[in-house]
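This briefing concerns a protein structure and its domains, nonpolar core and ligand surroundings. Please consult the sequence and coordinates alongside the text.

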Amino acid sequence: MTDIQRINARAAEIATTETARLIERTPQSKVWYERALKSMPMGVGSSFQEGDPYPIYLSHGKGSRVFDVDGSEYIDTHGGFGCMVYGHAHPKIAEAIARAASRGTHFAAPTPDAVLLAEEICSRYDMDQVRFCNSGTEATMNAIRIARAHTGRDHIIKAEGSYHGHHDPVMFSVVPNADVMGGREMPASTPMSLGTPKWLADYTHVVPFNDLVVLDALLEERGGEIACMILEPVMMNIGIAQPQPGYLQGLKDLLHKHGVVLIFDEVKTGTAIARGGAGDLYGVRPDLTCVAKATFGGTPGAAFGGTAEIMSAIGRGAAQQGTFNGNPLVAAAGLAALTEVLTADAYEYLATLGTRLASGCQTAIDSNGIPAHTVDLGAKGCVSYRPTPLTNYRDFLDTNLDLYAASYPWMVNRGIFMTPGDEEQWTISVQHTDTDIDNYIAAFSELCAALAS
Ligand SMILES: Cc1ncc(COP(=O)(O)O)c(C=O)c1O
């Protein structure tokens, strides 16, 4: 047996024993799951909340902790899929929401808070104007609409393996199976959902992340038909794949040569990894930016925006509306989060904690010879179960799923609440402490030692 075969065999044993333990520890989650199966498909309100063997149903959260319906306490690194960089029930955000709620929860009329929040987002992302919406999906849908209106073109480009929400034009090649993804020089546009019109594949072109050659060839052939390219500037739905030096600027230059609008989907990166997201961190500003998740204080807000020239398409007849856009609870929470909680000091604190977590995990990986690596981007980071960093989706297909299957129940059974998918990453908050981080590292180090034993 090779070392890897031995580690994989241990991972399979660990996954079996730890999953059995997880089931023993969470009887009330199972009760809620069985009940929920009757009222919701798969027992959850969003398919991403599914879990193996069933999701853990939560009762509440406080600070860095969440509590499940069986009364167990966990250090939360799930962070509501990357939103909760302030921690749970942050007093400043909770107060702002309570104050707003006492003055009326909804008007569908503009308020001063919505204006102040728009100004703060514009300043962070170096944009002229924004419009609000209610989810990351809506933000990317709106941005694509506006780019199409601005250019008068219908086609779009996305990166293979990127998730931009679940509206039709972007539901292609999100997690394509190797047998249908086509060649690297011309990745296929593969539908990811039943119910997506087949003809739409002709309008969504797919290129590999971190590859300007394939993009250049596509633009030379079809550039005049393409309205926009939508891109996660750091891919965060395959673990984490960072842009290589020069990639983002090179991509922007190529797109602009053909009059194509560059949209950064900063739904996951935005406000979490830097004050002004990945555009700020890597020094490249797109034409349009989409934000949601961490930008709105843990409420269902989102926004997209960019240059006044492109955003003027809205005033000229491109439809952008929504009953709850700029809702007072969301505006109050977003404003408190951005102006009172996520200060310059907060980003420094998150950077220190993130580095402590990633380097602690890397030490455990190295000293036990586990084929994995860590990524550190401040509040967000991950362990990826492959030895070297990812450059694109096809690298992600080499991830060792056996190791992931062992790690999820192992960590959850030791009081670390994790996202239930191998493609996700940790999110830490301003309310996490060194002790929380050290507890994570201790549990992960024991896992590495157990895998190597
Ligand atoms: C990069 C990215 N874009 C868009 C979305 C969609 O956001 P939402 O789930 O709020 O619709 C997600 C969700 O995870 C995402 O990760």
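The points below are grouped by topic.

This is a predicted model, in which local features need pLDDT of at least 70, side-chain atom pairs count only at pLDDT 80 or more, and totals for chains, interfaces and linings use all residues. Residues are numbered from 1 along each chain as its sequence is written.

**Domains**
- The protein is divided into domain 1 (3-76 + 343-452) and domain 2 (91-341), with bounds from an automatic or database domain assignment.
- Their C-alpha centres lie 27 Å apart.
- Across the boundary, 20 residues of domain 1 are in contact with 21 residues of domain 2 (C-beta atoms, placed from the backbone, within 7 Å).
- Elements giving two or more residues to the domain 1 side are α12 (344-368), β11 (373-377), β12 (380-384) and α13 (393-396); helices (H or I, at least four residues) and strands (E, at least two) are DSSP runs numbered from the N terminus.

**Nonpolar core**
- The largest nonpolar core has 133 residues, of which A139, C228, I263 and A333 touch the most other members; such a core joins buried Ala, Val, Leu, Ile, Met, Phe, Trp, Tyr and Cys residues through C-beta atoms within 7 Å, buried meaning 20 or more other C-beta atoms within 10 Å of the residue's own.
- Helix α11 (residues 328-341) supplies the largest share of this core, 10 residues.
- Domain 1 and domain 2 each contribute at least three residues to this core.

**Ligand shell**
- Among the 14 residues around the ligand, S135, G136, T137, G165 and V267 come nearest (C-beta atom, placed from the backbone, within 6 Å).
- Helix α6 (residues 136-151) provides the largest share of this shell, 3 residues.

Conventions
Buried ≥ 20, exposed ≤ 12 C-beta atoms within 10 Å, placed from the backbone. Contact = placed C-beta atoms within 7 Å.
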